[in-house]
Amino acid sequence: MLVRTAQRGDMQAFEELVARHRDKVYARAFSILRDADEASDVSQEAWIKSWQRLAQFQGDSSFATWITRIAINLCLDQLRRQKRLQASSIDEMDESAGGVERHLPFHTPNLADRLERGELRQCVDQAMAKLSIEHRTALVLHEFEELEYKEVARRMGCSIGTVMSRLFYARRRLAAILAEVKLEDYR
Amino acid sequence: MISQHDALEIQSFVDGELPRAQAERVGRRLESDPEARALSEELRLTRAWVRSGEAVARLEDSREFYWSRIRTGIERVERQGRPASSWAVRAIGLWRFAAATCVALAAAAFLIFPHSPTDKSPEGWLAVDQEIESPLENANTFSFRSEAARMTVVWVNTQVN
């Protein structure tokens, strides 16, 4: 209802939409960029673009999904402009050589049993911050946006094989980091 | 030891990206291969933790401040997209007409006026690629003009006959 009103040009209705979804949009941008100022700028730009394209929203997805997709595309555009969305030479060597990470021992720490939900989120978030931007972006698109491999590949401008390798590396790294978590750090 | 191909296949199985027949095959392997099963379990747990919820990063800006910046941005793009005033439109149109006319005249001049050497070329018209010597009334000087090189050379003979 609010969206329909905003689509008719009602700026107050649009402001209400911004107020309701601004944190989610910002959080998604921050998940990728890991910089508060950049994430704030991108989220604002996403809102401006969404106002211009509001007539195109047909309700195929929720409004929150629609606006966060705009924010993610802007994040990816920014990363491409800054040439940050490219595999580092070490990553390329790893992935082309068969992935060093597959030789790492397996970890199955029972974090969920040891931490509260909020603590778990914080723990995982800090671990994700340690990943490279390419690996983190692949995780955000696949896990938070719930995109399939081929859609992640299309958004990131790489092959499906690269997406799979990046996800694999990111998950194995996260598991190794989380295995080192000390309970007292989150209490 | 699990190969890179098999490791990625196990990941695809965990993510539900495999076609049915392939998923069944991988599923059977997991039942009989402890190493593959351990990898699958780790990937599944990690996936669940990540999906347990994105850490909520909140904007520190107040609602009014954040909205004021968005509204300013919207007004800016709307101004950029607004059609120009009538006088500006006319001025731009006039400028375009004048520029097009000049180009057309220059092209016409190029086509109409001869630019190749002919015997009938009127005096004063120079061939584009011809060099001309013209002895002047003063026998002690010669001028030499080349349109191709766009230069004029004057030879001064200091010896008086």
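**Aromatic pairs**

I started with the rings and got eight aromatic pairs over all chains. The rule I used takes rings of Phe, Tyr and Trp (its six-membered ring) and pairs them if their centres lie within 6.5 Å, with planes under 30 degrees apart called stacked, over 60 edge-to-face and the rest tilted. Before going on, I noted that this is a predicted model, where local features need pLDDT of at least 70, side-chain atom pairs count only at pLDDT 80 or more, and totals for chains, interfaces and linings use all residues. Residues are numbered from 1 along each chain as its sequence is written, chains are lettered from A and ligands numbered from 1 in the order in which they are written, and side-chain values use heavy atoms, leaving out hydrogens and water.

I looked up Tyr26(A) and Phe30(A), which form a stacked aromatic pair at 6.1 Å centre to centre, with 25° between the planes. The two sit four residues apart in helix H2 (residues 11-33) of chain A, so about one helical turn separates Tyr26(A) from Phe30(A). For helices I took DSSP runs of H or I with at least four residues, for strands runs of E with at least two, numbered from the N terminus. Both Tyr26(A) and Phe30(A) are buried; my cut-offs are buried under 20% relative accessible area, exposed over 50% and partly exposed in between (1.4 Å probe, protein chains only).

Next I checked Trp47(A) with Phe63(A): the ring centres are 6.2 Å apart and the planes are at 35°, so I wrote this pair down as tilted. It links distant parts of the chain, with Trp47(A) in helix H3 (residues 36-52) of chain A and Phe63(A) in helix H4 of chain A, 16 residues apart. Trp47(A) and Phe63(A) are both buried. They also belong to one aromatic cluster, together with Phe14(A), Trp51(A), Phe57(A), Trp66(A) and Trp67(B).

**Chain A overall**

I counted ten helices and zero strands in chain A. Of its 187 residues, 53% count as buried. I took a contact to be heavy atoms within 4.5 Å. Among contacts in chain A between residues at least 6 apart in sequence, 69% join residues at least 24 apart. Chain A exposes about 8800 Å², with carbon and sulfur atoms supplying 45% of it. Those areas come from the Shrake-Rupley method with a 1.4 Å probe, and for residues only the protein chains shown count as cover.

Beyond its neighbours within four places in sequence, Gln78(A) is in contact with Leu33(A), Glu38(A) and Val42(A).

Most residues other than glycine have a negative phi. Arg34(A) is not a glycine, yet has a positive phi of about 55°. I found Arg34(A) in the loop between H2 and H3 of chain A, partly exposed with a relative accessible area of 23%. Glu146(A), also not a glycine, has a positive phi of about 55°. Glu146(A) is in the loop between helix H8 (133-144) and helix H9 (149-156) of chain A and counts as exposed at 60% relative accessibility.

**Chain B overall**

Chain B gave me five helices and three strands, following the pattern α-α-α-α-α-β-β-β along the sequence. Of its 161 residues, 27% count as buried. Residues 24 or more positions apart account for 21% of the chain B contacts with a separation of 6 or more. The accessible surface of chain B comes to about 11800 Å², and 58% of that belongs to carbon and sulfur atoms.

I picked Val14(B), in helix H1 (residues 4-14) of chain B, which is buried with a relative accessible area of 9%. Not counting residues up to four places away in sequence, Val14(B) touches Ser40(B), Leu43(B), Arg44(B) and Arg47(B). Val14(B) and Arg47(B) are 33 residues apart along the chain, and their C-alpha atoms are separated by 8.9 Å.

**Where the chains meet**

Last, I looked at helix H10 (residues 160-179) of chain A against helix H3 (residues 34-51) of chain B, which pack at an angle of about 85° with their axes 9 Å apart. That makes H10(A) roughly perpendicular to H3(B). Axes here are lines fitted to C-alpha atoms, for helices over the stretch in contact, with angles from 0 to 180 degrees between N-to-C directions; roughly perpendicular covers 65 to 115 degrees. From H10(A), the residues in the contact include Phe168(A), Leu174(A) and Leu178(A), and from H3(B) they include Leu39(B), Leu43(B) and Trp49(B).

How values were computed: Parallel < 35°, antiparallel > 145°, perpendicular 65-115°, else oblique.
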